[in-house]
Amino acid sequence: MQVDPRAPELAANDFVAMLNASRMCVLIHDAATKNILWANPAACEMLGWSVTELRPLKANHMSSSAQQYDRVLGRAWLQEAVDKGASRIEWHYRAKSGRVIPSEAVAVRVELAQGPAVMVQFRDIEREQEIERELRLTTSYIDALAHHTSTIALMLDATGALRFATDTAVALIGARPTEPLGPLAQYGRLWSDGRASTWDEVAARADPVTAIRLEIPRDAGEPVWLEGSLERLKDTDDEALLMILHDVSDRVQEEARRERELHRENYLARYNAMGDMAMAIAHELGQPLAAAGNYLAGVRARSQTLVNSGELPSEAAARLAFGVDSAEKQIERASTIVNAVRAFVGHLEHVKQVVDLNDVVEQCLHFVRLRAAPLGVQVAVRRHPEPVAVRCERVLTGQVVLNLCFNAIDEMAACDPDRRRITITTRIDDAAGVLTVDDQGRGLPHDPFEESFTSKEHGSGVGLALSYRIITRQHGTIWAQRRDEGGSRFGFTLPLAREHHPPA
């Protein structure tokens, strides 16, 4: 006989065969008494009883002894299916062996030929619960790793975009916890084998792992340096790379400090050699300068003789005298510089000369403007309205002024023409005279007085180092700083002469 016109190929016995073949466990309960009427082979196999053994059993015989699986609750669940047509529950059956089997069970009311019944379909979910527990445990581990560890860990995709970061890593790279992380390049610069590298270069080296450094800049202060490894992860659906880092900023800064000390030691060796050379040169120049002065005096006397004899016109003699006078002034200046060098190498700390800083600036302006004019650099001067009387050696202090101004002019030469301007300022600050030179250039990338020599392409590179020595040996201070409005400011202070201190 046919049982379903929609599937005329299936007979009644076919449905019994399908239930017997199903791996889903099935129990048939009488709707009124809740007694077991039938069980398919899958249910018998799981519970360990045959159909004949199952039929007389009650809920307390085949359920966990825990209170939530009490017989009364089981009957109520089956009755809900009778009344509402279906009911779902998580039920713990107990097999003949005593094993408790957690299951997900669905009870459905069915109309049989002899009357209503409840068909219970259930399956063993013990393995699923174990997997769920493992997943929860793994999730808790990942949460602890992300939020409660000092480990600096970053997960990236093949393009270098960050997909995950521990809280420690987020704080160090400067990311915002509530916003998408974005590409690693927006937070810092990668280094590999001692040089700056791109993400593509570093990722290509990760086969499967490579050593890296990550430099994180800071608006104020030294950058943060992180060091570690980049590893390409396998057996993942998407290509992923794991970066494990640790903070080595202290070590990098210590290495930089040691390097500066090494440069300073090398400088001191050169400085001592320069002192010996300066003394030797100063000693040897005295006689040629004196001889040159004598020759010029002879030229002046000879020209006067020629004028008196009528062999040389007075107008020509006057032009000749102007040249001789100018040459003598330069020789006098050279002699003064030589004497100043001797004083510098000797006992400059005990200089007793009192000088007006305004006069020093005035004497240097001619040479400063000669250097600035061809480069289109404007030179502005803001003098203190009163004398700035300081105790220093005039010539060497003037050399410091020239050096600071020449450096500023060279910096301006690399800038747009409309920005080429330097400003020289003198003032009195407490018990010191102050001179500053401001430019509108690119600003200072670092403190030049932290290094022994500058990185200028031309010149000896010792100008600032010598300026530092000249000023500090006269009990002054010298510094450099970045200006808020752009450019740099170099300046120095020298102690005011006591008799010239302004009234309190």
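**Strands, cores and cysteines**

Mentor: In this predicted model, Arg88 has Val106 in strand 4 as its bridge partner.

Trainee: Over how many bridges do strand 3 and strand 4 pair?

Mentor: Strand 4 covers residues 100-112. Strand 3 and strand 4 run in the antiparallel sense, and the number of bridges over which they pair is nine.

Trainee: In what order do the strands of the mixed open sheet lie?

Mentor: Strand 15 (residues 378-382) pairs with strand 17 in the parallel sense over five bridges, whereas seven bridges join strand 17 to strand 18 in an antiparallel arrangement. Strand 19 and strand 20 are also paired, antiparallel, over six bridges. Strand 15 and strand 19 each have a single partner strand, so they stand at the edges. The order of the five strands is 15-17-18-20-19.

Trainee: Which residue in strand 17 stands opposite Val379?

Mentor: Strand 17 has bridges to strand 15 and to strand 18. Towards strand 18, Thr425 stands opposite Thr436. The residue in strand 17 that stands opposite Val379 is Ile422.

Trainee: Which residue in the turn between strand 17 and strand 18 has a positive phi?

Mentor: The two strands form a hairpin with two residues between them. The phi in question is about 55°, and it belongs to Asp430.

Trainee: Which element gives the largest share of the largest nonpolar core?

Mentor: This core has 38 residues, and Val368, Ile422, Leu435 and Phe492 touch the most other members. Elements that give two or more residues to the core include helix 10 (357-372), helix 11 (394-412), strand 17 (421-429) and strand 20 (488-495). The largest share is nine residues, and the element that gives it is helix 11.

Trainee: Which residues of the stretch from Thr397 to Leu404 are in contact with Phe492?

Mentor: Neighbours of Phe492 within four places in sequence are left aside here. Its contacts elsewhere include Leu357, Leu435, Ile471 and Trp479.

Trainee: How many disulfides does a search of the whole structure find?

Mentor: A disulfide is a covalent bond between the sulfur atoms of two cysteines. The closest cysteine sulfur to that of Cys364 is in Cys405, at 7.2 Å, which is too far for a bond. The number of disulfides found in the whole structure is zero.

Trainee: Is Cys405 buried or exposed?

Mentor: A residue counts as buried under 20% relative accessible area. Cys364 has a relative accessible area of 6% and is buried. The relative accessible area of Cys405 is 0%, so Cys405 is buried.

Methods:
Residues numbered from 1 in each chain as written. Predicted model: local features only at pLDDT ≥ 70, side-chain atom pairs only at ≥ 80, totals over all residues. Heavy atoms only, no water. Core = buried A, V, L, I, M, F, W, Y, C linked by side-chain atoms within 4.5 Å. Buried < 20%, exposed > 50% of the residue type's maximum accessible area, 1.4 Å probe, protein only. Helix = DSSP H or I, 4+ residues; strand = E, 2+ residues; numbered from the N terminus. Contact = heavy atoms within 4.5 Å. Pairing = 2+ DSSP bridges. Disulfide = S-S within 2.5 Å.
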